[in-house]
Amino acid sequence: MSGLLDIDFLEINLKNPIIMASGTFGFGREYAEIYDIEKLGGIVSKGLTLNPRTGNQGIRVWETSSGMMNSVGLENPGIQSFIENELPFMQSLNLAHIINISGTNLEDYVKACQKISREKVDMIELNISCPNVKENNTPFGIKETTTREVVKEVRKVVKVPLMVKLSPDADDIIRIAKICEEEGADAISLINTFKSFAININEKKKIFKNTYAGLSGPCIKPIALRMVHEVAKQITIPIMGIGGIVNYQDVLEFLMAGARSVQIGTANFINPKVGEIIIKDLENYLISNDISNISEIIGIVD
Amino acid sequence: MALIKYNKPLKSNFYLLKISGKYEAKMGQFFMIKKDSQFMFLNRPMSVYDLENDGIIFLYKKIGKGTTVLADCKKGDEISIHGPYGNGFPMEVEGNIALVGGGTGIAPLFYATKQLKKTCKNNIIHVFLGLQEKNEFEASFNNYGDLLQVNYGGFITDYIPYEKYNTIFSCGPELMMKKIEKQARKLNIDHYVSLEKRMACGVGACLVCTCQTKNGNKRVCKDGPVFRGKDIF
């Protein structure tokens, strides 16, 4: 370990600021067959809910220019099955493991967080921003009142570090981030996918059964970067930047804009080994630019 | 990245694409392929049509945006390829075998026929293909199959003497595989189907290619693409 990429995020010492985003990396098992994922700073679990979910019907993925739309709908085994069957694997890995928790109502959010909070986990990422859940046409993270409510109640039961994942569709993302901070969130991750739409013009029908889907990939990166930059100026808790990162240059932009670490999602689909490539490239960048630790560049662009 | 050796247009918008390099794969497995283009963001899953010492061959049909980008590729172009992924067809099977392919579903069956000829020397291997029109690739099945029957424009399922077979591999339109499964169930034939779905990761992580089975949701890319017919229909 060169120490070039070491960075603390809350109390967690990350080997590097590269974390794999929820829903793009499963629980780590599949990618562990492809490369040494312990090179990564961390992974965020697939989004989990209190009860198992079978996910959405119909087409779940649609390609668009420089991006993709997904309508998975939080298919997951439920928190109990996760704790029994998947968490031990995540805990066995020498990297930060962050558990992503979703819900469709306040009670489920609190119960799921309570359950996972009793286990040994590095952090919870509270997903208040999934656009793909039918019962929940307006995610909690869109409105200030519902954001405040869910973060306040979840905070009461969560003993581990709590990070809240924001939606780019929020009424006012800066206000939402401030509310999370006020209600005791330890960190913020942004952004989740954009609510988006696609139509089959030949059939004159919508592509997705659930009508709207989540847009991700390089096409959202400049907006995500702008949001990270805006939010970073207004809050004091650390930020994980997410949105269309595909290479080390993108990572550097997010860090310079004020993120303390980043999450990589869709890029895993393009090249399953993208994580290790980005880490190597980041090291080379720091060496050739004579930077002794990556933390030196965080937020340096005002 | 690898180099394209040829990308040969055939009738009915079919193409045979050969990519250079050394590859290994079990029959029924697939690779993720992508050309660097603004019109192709995600990889395309393609099952192995054939493996040669100096490259891998895919049979595809130009249908949508992605395959249109692929169809424009020329000899010497660079292309990204990774894999193999998926479970593949079972290696050891019992008795007489029929392989039934419809349209692009034919793609995995050539390599399967070739492999079966090696691993199941004593079994009879019959191939049934459903196509729109006569195509030049079909004759190569004669090199490995003990019988080749092709139907043009109709239903290949009407021409299969089901009672002769102990095992069937099928790949093609859902209706075709469903019809075969109906017969397979009646006659107690081991029927394996290879499914096709839109994919993103190809490795089992993203859950966009989930299919419903009798045993709950399964990932076509990781738990499949080959399933038992009775678990799907």
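Two cavities of 30 Å³ or more were counted in the structure, a cavity being a set of points on a 1 Å grid over the protein atoms alone where a 1.4 Å probe fits but cannot get out. The structure is a predicted model, in which local features need pLDDT of at least 70 and side-chain atom pairs count only at pLDDT 80 or more, whereas totals for chains, interfaces and linings use all residues. Residues are numbered from 1 along each chain as its sequence is written, chains are lettered from A and ligands numbered from 1 in the order in which they are written, and side-chain values use heavy atoms, with hydrogens and water left out.

The largest cavity has a volume of about 470 Å³, where a volume is the space filled by probe spheres set on grid points that are joined across faces, edges and corners. Its lining comprises 35 residues, of which S22(A), T24(A), N70(A), N192(A) and T193(A) are the closest to the centre; lining residues are those with an atom within 4 Å of a point. Two or more lining residues come from each of strand 6 (67-70), strand 16 (261-264) and helix 9 (267-270) of chain A. Helices (H or I, at least four residues) and strands (E, at least two) are DSSP runs, numbered from the N terminus. Divided by class, the lining of the largest cavity consists of 15 nonpolar, 18 polar and two charged residues. In this division Ala, Val, Leu, Ile, Met, Phe, Trp, Tyr, Cys and Pro count as nonpolar, Asp, Glu, Lys and Arg as charged, and the others, Gly among them, as polar.

The second largest pocket holds about 660 Å³ of space, a pocket being an open set of points with protein on both sides within 12 Å along at least five of seven lines. Among the 28 residues of its lining, those closest to the centre are I270(A), N271(A), K34(B), N43(B) and S80(B). Helix 9 and helix 10 (274-288) of chain A and strand 7 (78-85) of chain B each supply at least two residues of this lining. The greatest contribution, five residues, is made by strand 7 of chain B. The lining of the second largest pocket contains 15 nonpolar, nine polar and four charged residues.

The loop between helix 9 and helix 10 of chain A contains P272(A). P272(A) has a relative accessible area of 5% and is therefore buried; buried means under 20%, exposed over 50%, and partly exposed in between (1.4 Å probe, protein chains only). A distance of 20 Å separates the C-alpha atoms of P272(A) and G241(A), which are 31 residues apart along the chain. In chain B, A139(B) occupies the loop between strand 9 (125-131) and strand 10 (147-152), and its relative accessibility of 44% classes A139(B) as partly exposed.

Over all chains, 28 salt bridges are present, each defined by a side-chain nitrogen of Lys or Arg within 4 Å of a carboxyl oxygen of Asp or Glu. K222(B) and E33(A) form one of these, with the closest N and O atoms 2.7 Å apart. This pair joins two chains, because K222(B) lies in the loop between strand 14 (216-219) and strand 15 (226-228) of chain B and E33(A) in the loop between helix 1 (29-32) and strand 4 (42-44) of chain A. K222(B) is partly exposed at 26% relative accessibility, whereas E33(A) is exposed at 57%.

A salt bridge is also formed by E63(A) and R44(B), the closest N and O atoms being 2.7 Å apart. This contact crosses between chains, from strand 5 (residues 61-64) of chain A, which holds E63(A), to strand 4 (residues 44-47) of chain B, which holds R44(B). Both E63(A) and R44(B) are buried.

Within chain B, the side chains of E52(B) and K18(B) meet in a salt bridge with an N to O distance of 2.6 Å. Distant parts of the chain are linked by this pair, with E52(B) in strand 5 (residues 50-52) and K18(B) in strand 2 (residues 14-20), 34 residues apart. E52(B) is partly exposed, with a relative accessible area of 34%, while K18(B) is buried at 5%. K5(B), K18(B), E52(B) and D54(B) are linked in a network of salt bridges.
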